[in-house]
Amino acid sequence: VDVKEIERWIGNLQPPYIVEGHLLSEINAEFDIVIVMRCPLPILVKRLKDRGYSNKKVEENVVAEWLDYCGQKH
């Protein structure tokens, strides 16, 4: 994903707008409101396994969720 391209795209938007995605914590942009939707870890694990993700990918996603990665500004 080209984060700089997403930043340029967001910079051209006229408010109000909604941007959705798990990369928002990586984007250098200001938002008036940020909503992070979460689910219990057992449900997340099941969803990821049902998608056929490897055990490593499931573990990475669970750790990111556990650490509230998407809720942090990076």
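**Burial, contacts and pocket lining in the predicted model**

Ile27 is buried, with a relative accessible area of 1% (buried means under 20% relative accessible area, exposed over 50%, and partly exposed in between, with a 1.4 Å probe and protein chains only). Ile27 is placed in the loop between helix 1 and helix 2; helices (H or I, at least four residues) and strands (E, at least two) are DSSP runs, numbered from the N terminus. The C-alpha atoms of Ile27 and Gln72 are 11 Å apart in space, and the two residues are 45 residues apart in sequence. The structure is a predicted model, in which local features need pLDDT of at least 70 and side-chain atom pairs count only at pLDDT 80 or more, while totals for chains, interfaces and linings use all residues. Residues are numbered from 1 along each chain as its sequence is written, and side-chain values use heavy atoms, with hydrogens and water left out.

Ile27 is also among the contacts of Glu7, a residue of helix 1 (residues 3-11). Leaving aside neighbours within four places in sequence, Glu7 is in contact with Glu26, Ile27 and Asn28, where contact means heavy atoms within 4.5 Å. A polar atom of the Glu7 side chain lies 2.7 Å from the backbone nitrogen of Asn28. Glu7 has a relative accessible area of 17% and is therefore buried.

Val1 lies in the segment before helix 1. Because its relative accessible area is 82%, Val1 counts as exposed. Not counting residues up to four places away in sequence, Val1 touches Ile6 and Leu23. Val1 and Leu23 are 22 residues apart in sequence, and their C-alpha atoms are 9.0 Å apart in space.

The loop between helix 1 and helix 2 also holds Pro16. Pro15 and Pro16 are joined by a cis peptide bond, with omega of about 0°. Most residues other than glycine have a negative phi, and most peptide bonds are trans. Asp68 has a relative accessible area of 23%, so this residue is partly exposed.

Helix 3 comprises residues 55-66. At 1.5 Å a residue, the twelve residues of helix 3 should span 16 Å, and the end C-alpha atoms are 16 Å apart, which agrees; the expected span is 1.5 Å times one less than the number of residues. The buried residues of helix 3 are Val58, Val62 and Glu65. These residues cover an arc of only 60° around the axis, so they are on the same side of helix 3, the arc being that of the directions from the helix axis to the C-beta atoms. Helix 2 (41-50) is included in what covers the buried residues of helix 3.

On the other side of helix 3, Lys56 and Glu59 are exposed. The relative accessibility of Glu59 is 56%, which is why Glu59 counts as exposed. Glu59 is 39 residues from Glu20 in sequence, and the C-alpha atoms of the two are 23 Å apart in space.

Glu65, in helix 3, is joined to Arg38 by a polar contact of 2.6 Å between their side chains. A polar contact is a pair of N or O atoms within 3.5 Å; within protein, one must be able to donate a hydrogen and the other to accept it, and residues adjacent in sequence count only if both atoms are side-chain atoms. Not counting residues up to four places away in sequence, Glu65 touches Arg38, Cys39, Leu41 and Leu44.

The largest pocket holds about 1500 Å³ of space. Of the 37 residues that line the largest pocket, Gly21, His22, Ile35, Val36 and Cys70 are the closest to its centre. Helix 2 and helix 3 are the elements that give two or more residues to this lining. The largest share of the lining, four residues, comes from helix 3. A pocket is an open set of points on a 1 Å grid over the protein atoms alone where a 1.4 Å probe fits, with protein on both sides within 12 Å along at least five of seven lines; lining residues have an atom within 4 Å of a point. Grid points are joined across faces, edges and corners, and a volume is the space filled by probe spheres set on the points.
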